Amino acid sequence: MGLVTSLHRLAQRSRNYARCVRREGTDPNQVRMEDVLCDFCHTPWTLERPMVEGHHGSCICGNCLRAAWALTVTSQASDRPDGVPTKCTMCLEERTDRTFQSPAFAEACICLRCVRLATRAVARDEDGTPNDE
Ligand SMILES: [Zn+2]
Ligand SMILES: [Zn+2]
């Protein structure tokens, strides 16, 4: 049950992200893009770099996401031994599926499920189907 909820919530957040990215010149009182850092490489968010937000403001940038995809999906490998629960930085759950760990910041991990969700969110954004309601 809780699993479904957080999956849903992550997807929802990703949708919000996609909307933010298209809106340039946002309200200066809001959090500024450069204040948002990728948890995996600590690079600030820019318009050229897609960023996907997880729970509690955790974020992964497009570059790190690509690296995570290459490991967990393309190579079907994991930075953690199979079956050892690892707390995912993005969904904050103890996950036992394949995990990508940031080479620079060991505390940052992303589970396979979040890699797939986040990649889908970025792909949807880059498809650029202009959908401004
Ligand atoms: Zn990054
Ligand atoms: Zn996760």
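**Exercise 1.** State what share of the contacts with a separation of 6 or more joins residues 24 or more positions apart.

*Solution.* In this predicted model, residues 24 or more positions apart make up 47% of the chain's contacts with a separation of 6 or more.

**Exercise 2.** Find how many helices and strands the chain has, and in which pattern they follow along the sequence.

*Solution.* Step 1: count the elements, which gives 3 helices and 6 strands. Step 2: read along the sequence, which gives α-β-β-α-β-β-β-β-α.

**Exercise 3.** Describe the largest nonpolar core and say which elements give two or more residues to it.

*Solution.* Step 1: of the chain's 133 residues, 34% count as buried. Step 2: the largest nonpolar core has 27 residues, and Val52, Ile60, Leu65, Ile110, Cys114, Val115 and Ala118 have the most contacts inside it. Step 3: two or more residues come from each of strand 1 (51-53), strand 2 (59-61), helix 2, strand 6 (109-111) and helix 3 (112-127). Step 4: helix 3 gives the largest share, 7 residues.

**Exercise 4.** Report the average pLDDT of the chain and the stretches where pLDDT is below 50.

*Solution.* Step 1: the average pLDDT is 80, and 71% of the residues score at least 70. Step 2: residues 1-8 have pLDDT below 50, with 2 contacts beyond near neighbours in sequence. Step 3: residues 10-24 also have pLDDT below 50, with 19 such contacts.

How values were computed
Residues are numbered from 1 along each chain as its sequence is written. Chains are lettered from A and ligands numbered from 1 in the order in which they are written. This is a predicted model: local features need pLDDT of at least 70, side-chain atom pairs count only at pLDDT 80 or more; totals for chains, interfaces and linings use all residues. pLDDT is the predictor's confidence in each residue, from 0 to 100. Two residues are in contact if their C-beta atoms, placed from the backbone, lie within 7 Å. A nonpolar core is a set of buried Ala, Val, Leu, Ile, Met, Phe, Trp, Tyr and Cys residues joined through C-beta atoms within 7 Å. A residue is buried if 20 or more other C-beta atoms lie within 10 Å of its own, exposed if 12 or fewer, and partly exposed in between; C-beta atoms are placed from the backbone. Helices (H or I, at least four residues) and strands (E, at least two) are DSSP runs, numbered from the N terminus.
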